[in-house]
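Work through the exercises below with the structure open beside you. Try each task before you read its solution.

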Amino acid sequence: MRALRWTAFILVGFLVALGPARPAGQQTLEIASKTGVHAFSVEIAETDAEREKGLMFRKELPEGSGMLFDFHREQEVGFWMQNTYIPLDMIFIRGDGHILRIAENAEPKSDKLIPSGGPIRAVLEVIGGTARKFGIAPEDRVTGSIFGNGR
């Protein structure tokens, strides 16, 4: 019984040392648009499970933040807003970091398929209205670790 308590004590100590849980991966992306360079702090969804859940069930998304769905290679994809409670802009990004297309203000809780419109490497989801607010458009350049530094 003492060995079990000691093991539990060590485990709890280890978990406390790790600190609070954080999203699996985060990074900063920048998008160069006609109005300037705009930075976003994004959570990375790179596994099937992370991409399937996405931003479902969240009640808010702060301005300047988002989620980047990394597919690790270019492919055509489709998204929907099932169980997503906030309107989102979906920015479909090719492997070279250029924006292919943008689906603005996707309707919350909708099962309507939103296609990429061609092969893409990643999708950036941000709060609805962001693309219009910052003048983000197709062919604008996204920089970040999976797209290079844009130089």
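This is a predicted model: local features need pLDDT of at least 70, side-chain atom pairs count only at pLDDT 80 or more; totals for chains, interfaces and linings use all residues.

**Exercise 1. How many aromatic pairs does the whole structure hold, and which residues do ring pairs link into a cluster?**

Solution. 

Step 1. Count. A search of the whole structure gives four aromatic pairs.

Step 2. Examine one of them. Phe71 and Phe79 pair edge-to-face, at 6.3 Å centre to centre and 85° between the planes.

Step 3. Check burial. Phe71 is buried at 14% relative accessible area. Phe79 is buried too, at 9%.

Step 4. Join the rings. Phe69, Phe71, Phe79 and Phe92 form a cluster linked by ring pairs.

**Exercise 2. Work out the strand order of the open sheet, and say which strands stand at the edges.**

Solution. 

Step 1. Write the order. The open sheet has seven strands, ordered 6-5-8-3-2-1-9, and the pairing is mixed.

Step 2. Find the edges. Strand 6 and strand 9 (141-143) each have a single partner strand, so one side of each is left without a neighbour in the sheet.

Step 3. Strands of a sheet pair through backbone hydrogen bonds, parallel or antiparallel.

Step 4. Read the pairings one by one:

- Strand 1 and strand 2 run antiparallel, joined by eight bridges. Ile31 has His38 in strand 2 as its bridge partner.
- Strand 2 and strand 3 (residues 65-75) run parallel, joined by five bridges. Here Val42 stands opposite Gly66 of strand 3.
- Strand 3 and strand 8 (residues 120-127) run antiparallel, with six bridges between them. Leu68 has Leu124 in strand 8 as its bridge partner.

**Exercise 3. Which residues have the most contacts inside the largest nonpolar core, and which elements give it two or more residues?**

Solution. 

Step 1. The largest nonpolar core has 18 residues, and Ile31, Leu68, Ile91, Leu124 and Ile136 have the most contacts inside it.

Step 2. Name the elements. Strand 1 (26-33), strand 2, strand 5, strand 6, strand 8 and helix 3 each give two or more residues.

Step 3. Beyond residues up to four places away in sequence, Leu124 touches Leu29, Ile31, Val42, Met67, Leu68, Asp89, Met90, Ile91 and Ile93.

Step 4. Look for another core. A second, separate one has 17 residues, including Leu88, Ala103, Ile114 and Val123.

**Exercise 4. Where does Arg94 sit, and is it buried or exposed?**

Solution. 

Step 1. Locate Arg94. It is in the loop between strand 5 (88-93) and strand 6 (99-106).

Step 2. Apply the cut-off. Arg94 has 18% relative accessibility, so it counts as buried.

Step 3. List the contacts. Leaving out neighbours within four places in sequence, Arg94 contacts Glu74, Ile99, Leu100, Pro119, Ile120, Arg121, Glu139 and Phe147.

**Exercise 5. How far apart are Glu60 and Tyr85 in sequence and in space?**

Solution. 

Step 1. Compare the two distances. Glu60 and Tyr85 are 25 residues apart in sequence and 8.0 Å apart in space, C-alpha to C-alpha.

Step 2. Describe Glu60. It sits in the loop between helix 2 (48-53) and strand 3. At 62% relative accessible area, Glu60 is exposed.

Step 3. Inspect the ring of Tyr85. Lys59 lies over its face, 4.2 Å from the ring centre.

Conventions:
Residues are numbered from 1 along each chain as its sequence is written. Side-chain values use heavy atoms; hydrogens and water are left out. Helices (H or I, at least four residues) and strands (E, at least two) are DSSP runs, numbered from the N terminus. Buried means under 20% relative accessible area, exposed over 50%, partly exposed in between (1.4 Å probe, protein chains only). Contact means heavy atoms within 4.5 Å. Rings of Phe, Tyr and Trp (its six-membered ring) pair if their centres lie within 6.5 Å; planes under 30 degrees apart count as stacked, over 60 as edge-to-face and the rest as tilted. A charge sits over a ring if NZ of Lys or CZ of Arg is within 6 Å of the ring centre and within 35 degrees of the ring normal. Two strands pair if DSSP finds at least two bridges between them. A nonpolar core is a set of buried Ala, Val, Leu, Ile, Met, Phe, Trp, Tyr and Cys residues joined through side-chain atoms within 4.5 Å.
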